[in-house]
Amino acid sequence: MIFRRAVLAGTFALLVAAAAPAAARADQAYAVEGHDTFRVGNGEVRSETVYHGVQRLTIQRSKAKTTFVAVVEYDRDADGAKQHQRASFTSFLLPSGEQKDGPAADPDYLTVLNQPFAVLLDKPTMRDLAHVKRPVPFDFPSPMTGAPLRGTLRHLPDALVGGNRAMGIAFEAHGPLHGALPERPAMQLAGSITMKGTAYYDYATTLLVALEATLAIDGNLDDAARRAPVSIVYTRSIRAAVGQQAARIAPVP
């Protein structure tokens, strides 16, 4: 799985906030779901992996830095072979506003810190995004090859996430793929990548409270010995948890 935090939109950089509000320092629980599918040819090779778990994000502030730690406990079902797994990811925010990734053990890309959107925005960025009236073009590097993905980011209508008002953002981007997948280095592909998703940020805390993200690859094996169509789709859903359940997203009355 290959999501990365690299979404840029004009002058908007979706980065962790340099001045997190006091309300955002409490732990945040999330419900996590994921689904990966891989197909080669006319279904002659097919695999499917499903993820289901719970996650806790902890935010700790000091004069030197703000530390974000996400820990996920989840079940991984790969073609009927079930395993219980634990993943973690740490990020640091320096007083300069620079974000650095720390220790990480998140091979299935399920932590909220290892996604296309940042876990926290600052108030000025929230205000700027809330005033976007039309789709904004943006480019960012492909998480696989470094080639540019181009697309648009747009402001969605506000919604209630777990009963709290949240600002919505959606993005979609496309780009070429030529090369091997990180988890399948022997497989050379030629095709295209599409990334799309939605994110909601709580107005009160500016925390990410709902994320739906999909990365799809369509192409062919770039191999003189064999040319076959390849389809790969990765989806991730991370929502603030209400008890053990994912928070419902509802329109604002």
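**Figure 1. The largest nonpolar core of the predicted model has 52 residues.** Leu 57, Val 112, Val 119, Leu 189, Tyr 201 and Ile 217 touch the most other members of this core. A nonpolar core is a set of buried Ala, Val, Leu, Ile, Met, Phe, Trp, Tyr and Cys residues joined through side-chain atoms within 4.5 Å. Buried means under 20% relative accessible area, exposed over 50%, and partly exposed in between (1.4 Å probe, protein chains only). Local features need pLDDT of at least 70 and side-chain atom pairs pLDDT 80 or more, while totals for chains, interfaces and linings use all residues. Residues are numbered from 1 along each chain as its sequence is written, and side-chain values use heavy atoms, without hydrogens and water.

**Figure 2. The largest pocket holds about 230 Å³ of space.** Its lining has 15 residues. Closest to the centre are Asp 36, Thr 49, Glu 183, Arg 184 and Tyr 234. Strands E3 (28-40), E4 (45-61) and E13 (229-242) each supply at least two lining residues. E4 gives the most, with 4 residues. (On a 1 Å grid over the protein atoms alone, a pocket is an open set of points where a 1.4 Å probe fits, with protein on both sides within 12 Å along at least five of seven lines; lining residues have an atom within 4 Å of a point. Strands are DSSP runs of at least two residues, helices of at least four, numbered from the N terminus.)

**Figure 3. Phe 117 and Phe 171 form an edge-to-face pair.** The structure holds 2 aromatic pairs. In this one, the ring centres are 5.1 Å apart and the planes stand at 65°. (Rings pair if their centres lie within 6.5 Å; planes under 30 degrees apart count as stacked, over 60 as edge-to-face and the rest as tilted.) Phe 117 lies in the loop between strand E7 (99-105) and helix H1 (123-130), and Phe 171 in strand E10 (residues 164-181), so the pair ties together parts 54 residues apart in sequence. Both Phe 117 and Phe 171 are buried.

**Figure 4. Ser 237 sits in strand E13.** Ser 237 counts as buried, at 16% relative accessibility. The side chain of Ser 237 makes a polar contact with the side chain of Glu 212, at 2.9 Å. (A polar contact is a pair of N or O atoms within 3.5 Å; within protein, one must be able to donate a hydrogen and the other to accept it, and residues adjacent in sequence count only if both atoms are side-chain atoms.)

Conventions
Grid points are joined across faces, edges and corners, and a volume is the space filled by probe spheres set on the points. Rings of Phe, Tyr and Trp (its six-membered ring) pair if their centres lie within 6.5 Å; planes under 30 degrees apart count as stacked, over 60 as edge-to-face and the rest as tilted.
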